[in-house]
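Have a look at the model below.

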Amino acid sequence: MTVPEVETGVSPASGWAHCQVGNFDLNTEWHVEPGQVLVLFGPSGAGKSSTLRTIAGLLRPLEGHIEAGGRVVYDSAGGIWVPTHQRRLGYLTQQYHLFPHLKVGGNIAFGLQDRGSETARDRVRELSQLFRLDGLEDRYPWEISGGQQQRVALARALAPRPAMLLLDEPFASLDSELRRALREELRAMLVQSPVPVMLVTHDREEALALGDSVQVIDEGRILSTGDPLDVLGQPGQGRIARLVGVENLFDLTIQERNPRDGTMTCVGPGIRLEVPLDSHITGETEPKGVQDRVTVGIRASDIILARDELSGSSARNRLEGSVVSIEPRPPGYSVILDCGQHLRCHITGASLEEMGIQTGQRLWAVFKASSCFLVDEPRSRSAS
Amino acid sequence: MTARVLAYPAGVLGSGGAVLYVLFIGLPVVALLVRAAQQTDFIGAVTGDVALTALRLSLITSIISMAVIVLLGTPFAYLLARSGSAWTRVVDNLVELPLVLPPVVAGVAMLMAFGRNGLIGPGLEGLGIAIPFTTTAVIFAQVFVASPFFIRSAKLGFQSIPKDYEDVARTLGVSPWRTFFRITLPLAGPALVTGLGLAWARALSEFGATMMFAGNLTGETQTMPLAIMTAMESSLDNALALSVMLLTGSILVLAALGLLTRRKWQGR
């Protein structure tokens, strides 16, 4: 079977697949433009890695259709199956899997045709420079640092000019500073050779920093796809909210709707909040009060802590409580305030020092009504 | 280190055991060498007809056995390492059988299969193929008893290589065949060499199954261990010469294993 020459990166990657993975079903679909990053976000075991392995041809779906590099590499209806080594998709694993018996140069050159040739050597040199690996070609993988190993793995994946990049938690085993640096390098690399990229992570920050779009996956299903800020910033469904780590979720009863302000007042045990009106959930302009229970989410970083009640401020929510605990959460701190219910707030180390926050201290938590968002969680509502 | 080990009762017992063990293994070896050196015509015996004929036969048969074992055993071991099916588990247990089966029984069993009155012996004879009491039978016996050493070691070697290496190699555009030769085989190399060394040593020392199935014909089926047995009845010179040669061979295998399995790379 002859394989048509693949033009790097000019074609989008797209497809859908239905797979049996272990004891669950994976139903997924994707579309990524060249030079764009689609982040697959979700807990471990959700089916993120399996999606990448399916695209790479390492996992055979029950049915589906996969396109990459401008051609169909799998189609269950048409009986098309292009084996992994002919798909030309760069695949990066979390542990890199650098070949331990080959030096750095040999690893980068591994996928090149005619490895002894001048063209191949040029390609290795070019990639070594791009990823700041010059001078390390004769070292073995265990002789270089974790960040360098990561770059070698990326260089090796890119050397044969893949039609697409599949990155499975590529930065997971690095410290946060190195991650940030490598993210920037990856971005720079994408400008140079714009291939479609699919990246698996369960790190919110990484998803926001790298994703042009985000897809939340759980238990083999896509829960939502869209702009990273929309999906991860104010996630709608409760399941997603928990997955993407919204720190504060409250089950409340609607007490009063104020359509004029676009807000409503909700109460729960020891807590009273002004939140946006629920019409976008019910789809009715005049809610009939059938639905009187909601789950409200507030991101810990959207909350301002103050020593006294910020009277005369525009913020609709001002809760007083005592500090239950202070936990380091690099680069800042996470403070838990007991305002009837526990409220988690993220602040910087500087604020913690300036305010001299200590456990037991009484503080005010201040946040806008629009910082609260309604979490659509049908299950909890029908249960209550 | 030693002082710390000796602080424990088990350490004291262990050290005593170690001394006894070294004496137990070392004394006969030294005795063999001393007695051989005392022989009037040791060199003559080593270069004599009996010794050289047996040596040549042992080398030729064991090399052919090793070729058969490596060529068939390597892909087989790979399959055992990578496949999780119930069938491979059954076969996996079967591989261990020759390890625990007395070689003499293996010889009798092979006679019952390939012998003149065996299960398929008459059929083979009809085709003009006779196996028992030929050089081929020597190779059969060696493959039977020695193959598990190689297959087991190779299987463990393949199992220790995460499949991800092969997956990554394939995503880099390298076919499964080439991946096997460029990734799997080099990474499993030390385990394969170890297995080969153990299997070779076992094949060279094979006695019982050969005696039963191949007989003791000089130049045809009389390998070194059989020649030693025969020589013990007539010429201690020859027996000692052959013994020292086999001992040297064993030590060389050990040394070669140590050298060949030293990797220049580490870790995974």
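Among contacts in chain B between residues at least 6 apart in sequence, 75% join residues at least 24 apart. This is a predicted model. What are the elements of chain B? There are 13 helices and 0 strands. The C-alpha trace of chain B spans about 70 × 65 × 35 Å along its principal axes. Of the 268 residues in chain B, 38% are buried.

Now turn to the contact between the chains. Chain A puts in 19 residues and chain B puts in 18 residues. On the chain A side, α2 (84-87) and β7 (90-92) each supply at least two residues. By class, that side of chain A has 10 nonpolar, 7 polar and 2 charged residues.

Next comes the core. In soluble globular proteins, nonpolar side chains tend to be buried together. Here the largest nonpolar core holds 157 residues. Which members touch the most others? They are Leu166(A), Val296(A), Ala141(B) and Leu242(B). Helix α8 (residues 135-159) of chain B gives the most to this core, with 14 residues. In chain A, domain 1 (13-239) and domain 2 (248-383) each provide at least three residues of the core.

Take Leu166(A) as a worked case. Set aside its neighbours within four places in sequence. Leu166(A) is then in contact with Leu52(A), Ile55(A), Ala56(A), Leu89(A), Gly90(A), Tyr91(A), Leu92(A) and Met198(A).

Methods: Residues numbered from 1 in each chain as written. Chains lettered and ligands numbered in written order. Predicted model: local features only at pLDDT ≥ 70, side-chain atom pairs only at ≥ 80, totals over all residues. Core = buried A, V, L, I, M, F, W, Y, C linked by C-beta atoms within 7 Å. Buried ≥ 20, exposed ≤ 12 C-beta atoms within 10 Å, placed from the backbone. Helix = DSSP H or I, 4+ residues; strand = E, 2+ residues; numbered from the N terminus. Domains from an automatic or database assignment. Contact = placed C-beta atoms within 7 Å. Nonpolar A, V, L, I, M, F, W, Y, C, P; charged D, E, K, R; others polar.
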